[in-house]
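Here is a friendly briefing to keep beside your viewer. Please load the model and follow along.

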Amino acid sequence: MSVKKVTKNDIVDNLHANTKIEKKVIQEVFDNVLGELKNALKNGATVELRGFGTLEPRLRNGRSKARNPKTGEILSVQPHYVAAFRAGQELKKSLMEIPVEKK
């Protein structure tokens, strides 16, 4: 499988091509959906997207001795939340169908 990055603009362009809805409207709706997901996670809620997956805020423990990989500087990291994603069954099944390239 060749590695390709899909951006938000690529998704908006594809939705525009498939639905003929104005790009401006699609962009606004897409930004609102992402904003709602972000707000839900910020408020500690788990977001379940049936058939796709689940997003949830997950607490990462802090460390008294962490290292900045770029500078090598030793520093401390406070406990903080990160967004965690778990793929749903339908997404897992569809990914299993991707053919594996032989090396």
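This is a predicted model: local features need pLDDT of at least 70, side-chain atom pairs count only at pLDDT 80 or more; totals for chains, interfaces and linings use all residues.

Residues are numbered from 1 along each chain as its sequence is written, and side-chain values use heavy atoms, with hydrogens and water left out. Helices (H or I, at least four residues) and strands (E, at least two) are DSSP runs, numbered from the N terminus.

**Helices**

- Helix H1 covers residues 8–19, and its end C-alpha atoms are 16 Å apart, in agreement with the 16 Å that 12 residues should span at 1.5 Å a residue. The expected span is 1.5 Å times one less than the number of residues in the helix.
- Lys 20 follows H1 and has a positive phi, near 65°.
- Helix H2 has 20 residues and reaches 28 Å from first to last C-alpha, close to the 28 Å expected.
- After H2 comes Gly 44, again with a positive phi, this one near 85°.

- Which residues of H2 are buried? They are Ile 26, Phe 30, Leu 37, Ala 40 and Leu 41, where buried means under 20% relative accessible area, exposed over 50% and partly exposed in between (1.4 Å probe, protein chains only).
- Seen down the axis of H2, these buried residues fall within an arc of 105°, so they line one face of the helix. The arc is taken over the directions from the helix axis to the C-beta atoms.
- That buried set packs against H1, S1, S2 and S5, with contact meaning heavy atoms within 4.5 Å.
- Lys 24, Glu 36, Lys 38 and Lys 42 are exposed on the other side of H2.

**The sheet**

- Three strands form an open sheet in the order S1-S2-S5, with antiparallel pairing; two strands pair if DSSP finds at least two bridges between them.
- Strands S1 (47–49) and S5 (80–87) are the edges, each pairing on one side only.
- Neighbouring strands of this sheet are turned by 25° against each other on average, direction ignored. Axes here are lines fitted to C-alpha atoms, for helices over the stretch in contact, and angles run from 0 to 180 degrees between N-to-C directions.
- S1 and S2 are joined in the antiparallel sense over 3 bridges, and Leu 49 has Gly 53 of S2 as its bridge partner.
- H2 lies across S1, S2 and S5, running at about 40° to S2.

**The nonpolar core**

- The largest nonpolar core consists of 5 residues, namely Leu 37, Ala 40, Leu 41, Val 47 and Leu 55. Such a core is a set of buried Ala, Val, Leu, Ile, Met, Phe, Trp, Tyr and Cys residues joined through side-chain atoms within 4.5 Å.
- H2 (residues 23–42) gives the most to this core, with 3 residues.
- Beyond four places in sequence, Ala 40 touches Ala 45 and Val 47.

- Thr 54 is found in strand S2 (residues 53–60) and is buried, with a relative accessible area of 14%.
- Not counting residues up to four places away in sequence, the contacts of Thr 54 are Thr 46, Val 47, Glu 48, Ala 84, Phe 85 and Arg 86.
- Lys 23 lies in H2 and counts as partly exposed because its relative accessibility is 40%.
- Leaving aside neighbours within four places in sequence, Lys 23 is in contact with Val 12, Asp 13 and His 16.
- Lys 23 and Thr 71 are 48 residues apart in sequence and 43 Å apart in space, C-alpha to C-alpha.
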